[in-house]
Amino acid sequence: MAEAPGQAPGPGDAPAVPPVPPEPEIGPLGRDRDPNGDLDGGHDRDPDCDPERDPDRDPDSARDSGSDAAPGRLQELDERAEDDRGYDDLRRVHQLVHNNFYGVVDASGAAFGFGAVPSPGLAPGTIEPEEAGRALRFHLPPQPCFDEALARLRENALVVLTGQDNCGRRAGSLALLREILGEDAGLRSLSPANALAELAQSKDLRPGQGYVILDYVGELNVEAVQAYAIGRLSEELRRKGSYLVITAGEATRRRLALRDHCVTWRAPDPLELFEHCRNLLPHADIAPETERELRERVGERRRPADIVAAAVALSREGPEKALDTLRDRCRELVRELFRKQPSADDLIPLAALAFLEGLPERTFEKECAALVAHVRDWELSRDTPAGEPDGAARETAPGAVAQQSRARWKERAVGLVTVERRAGPGRDEGRSERRLVFTDPRVREFVIEELYDLYGYELWYPLRRWLGDLALTGDLETRTEVARGVALLARHALVEVDENMLTAWSEGLTSQRVTAALTLQFMCDVEHLAPQALNIALGWTHNSGQGRAVTAAMALTGRLGSLYRLDALGMLTFLTLRGERIAVAAHRSLVLLLQTAEQEPDRAVFILRYVRTVLARTAKGSRERSIALRTALQLVEAAELNSSEPLTAALLRTVPGSARHLGSLWADVLHSGNRSRAVRALCRTLVQLRDDPSVTGAVYELGEAMRAAMSGRQWSALCHHLSIALRHPDYAIPGARRLAQVLIGSLRGRAPVDSGRLTASLIPSSPFLSAQGGRSK
């Protein structure tokens, strides 16, 4: 999906990522002058290889000097080691997701998934007419707000739809644009982060285009968008015959610059919407009594999606299924449990399970006991118990050990909690053990909602302290579940989660920072929270210290980076220009983004194309180009997410169009001081693909792309060094040499090349480092 203009800072900020032309001025490959095997022809050298000579250390860290240099360097190394552990944790979580959503493994233990299809417009990019049509199939324009918004849009080419979440603002934005531009008009979704400030000065607005910004969260700049900037944006839209609809929360109405453009959006009457849907669906017979109950329950609903779901269920599965949809038995069971005002002995384990679902029972019991201790300490300090409506203190009885606590779940949460035997991740995946889980995935959300609605500081203060301890000391599986639970809490208490948890964790130790990053990932599972997650992550990169910037880089991988790919790539590219610690993290995040995109061809090609564009826009010999070359090198050297095999081999095998972009990146790196590493990465790729006849065409295309970026001399030098590398024991495999002939054959008919170079005796070279996946293959 193509991305929209002006969504992220950095060199990648463009309306689309264009093809990159060849660079004829690049010099030929040089001799091998590095005794360690790196070829330095005097071209682009990566300054990060020599941190002491890096002219742009991070402004957040003091420059080491004199006797303090050694301790400062040790601290820097410790921080880098901590970051490495954090990325190891992230990689393990991503591997679990990758296996569960793209393999045949049971997905019950998945952390979070990239495979969920978002609503049209949530991910910035083009909204196809078919997508908009599906989203608006049952749309009923609410009056009078629809006509009011339409009038403002016609007059100003800009309107802001405010109102409660889940009131149909998104569908309304698409309906307004299609009403003005027609059903076949091109619509584009822009990033919700900082988009207005960019658009107000942008020259990339297209004529006759409809734009939407869904769940606008405000500007990252210190100065808010001013009225004159909004006026300029409105004028530019009118001049080009284009239109922009923004959806936002009620707080947007208080922004002076936008106040005159806001229209309060309300959901349509539920019964009118229900009848509208029934008229568009096949008729279903229904008894009068059942119809009366159905209409009563429909009238209680305010969320258009619930009403549409009931109408569809009525048409396809009958009235009983429609009633089940509206009754929501799962939510009723949770509410019934809390109406009984459970005692602390029942409340605390249930609250713990809401944040630790699916952990081994032994782990859960240990952490639940820790929560009980936090609650007891808080009660003793205040002399006010939690969860006891009559105020009577409850102390653990001396015979508590004799209580059958595991059996209590049959009474504590009837119909809500069950025990399953599940295998654990990693080394425990072959052994199963008992785990407490909710009977329905939604129970967890409903329990957290009831806890937040019914209980106050007396419960949430010790609960927050307990969650903070888990984020700090819990193992990865525990912290992943904590992040999932906190993301569910953010649906109801976003400000509290951000201020009391994420802000502290994002600057803490590695375990806390990984938990914060994962929380933002889980928040993307709720569409109106995804823009907030992006805004929080981007905010951590602005004058917030090295720790938070590294946490932001971690958060921009996975689901968040997949959903807002241009924002993520732009910010990560910007972070590669920061100090060494932040730059290393940004590079690792860029590699993780590509690794997790292996099963999503469009996203993988987009990432490669973006990095290729960044390289094309940097000046020869500049620091920016050296850093961009480092990014390209790490991408072509990267291994697959779930194995040590080259990622480039998997991309060439499964992602059409990747060969052209990989060839361009390889050619750029081959012209730099990292030539030997690039040649080794190329050899590893050929070794991995040697027994797959289906990739011959992709390898040929790879060679064509490399040739297009090289002169005859440069190509001859590549042939020379590739021939030397293929003599190394790790690569001296017949199949790999045959593929090399396919690669080199791409040059034939263009420039004279000594084909004998591949077979003649060549001068000795420095030995290449041993590569994974060589002779053993």
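User: Strand S4, residues 210-213: which residues sit on one side and which on the other, and are they buried or exposed?
Analyst: This is a predicted model. In it, Gly210 and Val212 lie on one side of S4, and Tyr211 and Ile213 on the other. All of them are buried, so both faces are covered.

User: Which way does S4 run against S3, parallel or antiparallel?
Analyst: Parallel, with 3 bridges joining S4 to S3 (residues 187-189). Gly210 is the bridge partner of Leu187.

User: And how many bridges pair S4 with S5?
Analyst: There are 4, again in the parallel sense, with S5 covering residues 243-247. Leu244 of S5 stands opposite Tyr211.

User: What order do the strands take in the sheet?
Analyst: S1-S3-S4-S5-S2-S6, in an open sheet of 6 strands with mixed pairing. S1 (125-127) and S6 (262-264) are the edges, each pairing on one side only. From one strand to the next, the twist averages 25°.

User: Which helices touch it?
Analyst: Among them is H3 (residues 145-156), which packs on the sheet and touches S2, S5 and S6. Its direction makes about 150° with that of S2. Helix H6 (residues 227-240) lies across S2, S4 and S5, at about 135° to S5.

User: New topic. At what angle do H17 and H18 pack?
Analyst: About 145°, with their axes 8 Å apart. H17 spans residues 476-490 and H18 spans 494-505.

User: Which residues make that contact?
Analyst: H17 gives Val482, Val486, Leu489 and Ala490. H18 gives Leu494, Val497, Met501 and Trp505. By class, that is 8 nonpolar residues, no polar and no charged.

Key. Residues are numbered from 1 along each chain as its sequence is written. This is a predicted model: local features need pLDDT of at least 70, side-chain atom pairs count only at pLDDT 80 or more; totals for chains, interfaces and linings use all residues. Side-chain values use heavy atoms; hydrogens and water are left out. Axes are lines fitted to C-alpha atoms, for helices over the stretch in contact, and angles run from 0 to 180 degrees between N-to-C directions. Helices (H or I, at least four residues) and strands (E, at least two) are DSSP runs, numbered from the N terminus. Contact means heavy atoms within 4.5 Å. Ala, Val, Leu, Ile, Met, Phe, Trp, Tyr, Cys and Pro count as nonpolar, Asp, Glu, Lys and Arg as charged, and the others, Gly among them, as polar. Buried means under 20% relative accessible area, exposed over 50%, partly exposed in between (1.4 Å probe, protein chains only). Two strands pair if DSSP finds at least two bridges between them.
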